[in-house]
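Let's take a walk through this model together, going from the whole chain down to single residues. Keep the viewer open as you read.

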Amino acid sequence: MLRAGVATAGPLPADAASSDAAPAAQSAEEAGGGEQRLQLFVYLQAPEHRTYLAIMRLFTSTLLADLSAGEVAAALAAAEREGRVAAGESDLDTVIDRLKQLVKWGNLVVGRRETIAASIAEFQHGSVRYQVSKLAVRVQRDVDALLHVPEGAREVSRELLPAIERGLGEISSMLSEVLVAERRAPEAKSTRKAKERLAEQVTTVFLQHAELAATVRDFYAYLGQVVTRHHLAPDEISGFRNLLVEYIQMVVEDVLRHTGTIAASLAGLAGVRSELLRLLGPADQLGTDVERARGRTAPDWQELTDWFVDAPGRPSQVAALREATARAIGSLLASVKRATSGGGLVPGRRGELLKLARWFDAAEENDAHRIYAAAFGLHSSRHLLPAPDYDSDNHDVAWRDGPVLDVTVSVRSRGDRGARGRTSRVLDDPMTEETLLAQAREADQRRSAAVSELAGAGAELAATTLSTDALGVLCELLTLAMAQREGSDDPGTALDPVHRLRVTVRPEPGHRTEIRSTSGTLTLQDAVLDVRGDGAIPGTEEEATAR
């Protein structure tokens with residue numbers, strides 16, 4: 001018999017020698033967050049995920065689980081006999097490999113303790129102990145919860161709203177009592193009891209809100225999953241109608257009824273939040289680097305406030321709940337309209353497709369091909385016309401493995417591609433028409449004034465300060481004039497035929513042209529600018545001469 005501990009065991013294996021540093025290293029990796037924490041989920045997608053799940057459930061089933069590879073193998077042997085893990089997974093060498101892999105991913109940590117063994121190998125296997133890491137416990141807990149969640153809707157915990165409302169009111173009154181007691185006797189037993197009751201109430205309120213928020217998110221996630229379906233059977237439409245019209249109405253009414261009081265309580269606590277957080281300070285026994293309970297930090301209270309109270313540019317979750325409810329009811333009404341409009345065969349066509357799907361599921365391979373040919377008319381092809389220049393079909397790929405074709409709503413519901421409905425009428429909107437005409441007249445008047453200003457400046461353009469509109473018209477014509485040039489040494493001309501204004505730009509080395517305006521100064525290097533014209537509309541003089 002060998003009896004030894006860590007100090008008398010002599011040289012240790014490499015994996016055991018680093019066991020003391022494993023918790024510290026893991027803490028450093030967890031502090032880094034990010035990629036290392038994502039490794040905690042790898043065992044869920046591994047080929048041996050059933051074995052890993054059984055091992056992790058074994059470690060998370062009890063508090064402070066400290067197991068050796070032999071104990072894990074014994075537990076897996078029972079699971080192997082029941083068929084919950086693959087054959088051979090309970091072998092000791094296989095179990096050691098699985099445990100080492102979980103240690104590598106960060107789900108388990110390695111430890112050692114004194115053990116009694118009959119051989120060196122038994123000592124090495126029995127003295128190396130494994131414990132589950134803190135984050136791995138959360139991962140496995142969430143995995144088990146997810147595997148037990150039903151597919152249907154989750155009931156919203158509406159009864160927590162009045163509890164949160166009462167809890168926030170009690171926190172306000174308790175806070176006043178604690179502050180008064182602290183001023184009178186800071187070290188008294190009654191003061192400590194009052195602080196404990198305050199902390200208890202804060203924890204209760206945040207736990208209630210977390211449960212309420214989780215149920216609301218889960219319920220609306222399910223709702224968004226079902227109301228976006230295009231085809232709904234009549235019984236499904238009836239069930240969703242009751243769900244939306246009755247149940248959601250109760251949920252929204254309860255939330256709106258209690259939101260005002262809750263928001264007022266949170267506003268009152270916002271002014272004394274610093275005193276509240278001071279009284280809920282961390283326990284001295286745990287130190288400072290700990291994960292605090294909810295409600296002990298300012299971001300926790302801000303998150304609670306943002307759930308009920310709107311902020312500029314950031315709507316609350318209550319507002320999001322109302323908007324999601326309106327969208328869900330609109331989607332349901334659209335589904336009811338499609339099913340009851342009488343213009344399509346949505347329920348009947350859906351039933352036929354489901355019946356055809358059952359035939360395919362129960363048919364053998366040859367029968368499935370015959371059913372497909374009979375249902376869709378896709379028999380062996382016979383080319384009666386010359387082959388096209390380009391054929392996109394791949395004859396080496398079976399139809400079931402080929403690309404999926406999107407089928408339009410008209411084909412799915414009616415079985416044809418004919419257009420439905422009529423063209424919408426063009427509505428007569430005299431008010432909008434008059435507004436647009438007024439805007440056009442105002443724009444034309446501003447341009448006429450700008451052209452007249454440019455024409456009036458003429459040769460004195462460099463000594464005149466132009467308005468913003470006049471500078472805009474000048475830049476527009478100047479751009480057209482520059483575009484008319486064939487080379488950099490050629491002049492360019494642009495004409496506004498409506499107002500008879502001509503802008504000419506000529507290259508002249510060494511000359512600098514500056515045009516000032518209320519918006520800034522336009523500078524042209526090595527160029528001369530010439531503006532000519534009277535700014536009048538040509539039709540005016542012609543009509544006067546004709547008369």
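Residues 24 or more positions apart make up 65% of the contacts in the chain with a separation of 6 or more, where contact means heavy atoms within 4.5 Å. The chain has 20 helices and nine strands; helices (H or I, at least four residues) and strands (E, at least two) are DSSP runs, numbered from the N terminus. Of its 547 residues, 32% count as buried. Buried stands for under 20% relative accessible area, exposed for over 50%, and partly exposed for what is in between (1.4 Å probe, protein chains only).

A word on the ground rules: this is a predicted model, with local features needing pLDDT of at least 70 and side-chain atom pairs counting only at pLDDT 80 or more, while totals for chains, interfaces and linings use all residues. Residues are numbered from 1 along each chain as its sequence is written, and side-chain values use heavy atoms, with hydrogens and water left out.

Now for the inside. In soluble globular proteins, nonpolar side chains tend to be buried together. A nonpolar core here is a set of buried Ala, Val, Leu, Ile, Met, Phe, Trp, Tyr and Cys residues joined through side-chain atoms within 4.5 Å. The largest one has 42 residues, and those with the most contacts inside it are Leu168, Ile171, Leu198, Tyr220 and Trp301. Two or more residues of this core come from each of α9 (160–184), α10 (189–227), α11 (234–270), α12 (273–279), α13 (298–308) and α14 (317–340). The top contributor to this core is α10, with twelve residues. Pick Leu168 and look around: leaving aside neighbours within four places in sequence, Leu168 touches Val205, Ile262, Ser265, Leu266, Leu269, Trp301 and Leu304. There's also a second, separate core of 30 residues, and Ala54, Leu67, Leu102 and Val110 are among them.

On a 1 Å grid over the protein atoms alone, a cavity is a set of points where a 1.4 Å probe fits but cannot get out, and lining residues have an atom within 4 Å of a point. Grid points are joined across faces, edges and corners, and a volume is the space filled by probe spheres set on the points. The second largest cavity holds about 30 Å³, and its lining is made of Met174, Glu177, Val178, Ala194 and Arg197. Helix α9 gives the most to that lining, with three residues.

While you're around there, have a look at Glu275 in helix α12. With a relative accessible area of 32%, Glu275 is partly exposed. Glu275 and Leu175 are 100 residues apart in sequence, yet their C-alpha atoms are 8.5 Å apart in space.

Next, helix α6. Its 14 residues (92–105) should span 20 Å at 1.5 Å a residue, and the end C-alpha atoms are 20 Å apart, which agrees; the expected span is 1.5 Å times one less than the number of residues. Buried in α6 are Thr94, Val95, Ile96, Arg98, Leu99, Leu102 and Trp105. Just after the helix, Gly106 takes a positive phi of about 95°.

Step back into the loop between α5 (69–81) and α6 and you find Ser90. Ser90 counts as buried because its relative accessible area is 19%. Its side chain makes a polar contact with the side chain of Glu80 at 2.4 Å. Such a contact is a pair of N or O atoms within 3.5 Å; within protein, one must be able to donate a hydrogen and the other to accept it, and residues adjacent in sequence count only if both atoms are side-chain atoms.

Gln140, in helix α8 (residues 134–147), is buried too, at 1% relative accessibility. Leaving aside neighbours within four places in sequence, Gln140 is in contact with Tyr43, Leu53, Met56, Arg57 and Thr60.

Last, some backbone angles. Most residues other than glycine have a negative phi. Leu64, in the loop between α4 (49–60) and β2 (67–68), has a positive phi near 55°, and Leu64 is exposed at 84% relative accessibility. Asp526, in strand β9 (residues 520–533), has a positive phi of about 55°; Asp526 is partly exposed, at 40%.

Key. On a 1 Å grid over the protein atoms alone, a cavity is a set of points where a 1.4 Å probe fits but cannot get out, and a pocket is an open set with protein on both sides within 12 Å along at least five of seven lines; lining residues have an atom within 4 Å of a point.
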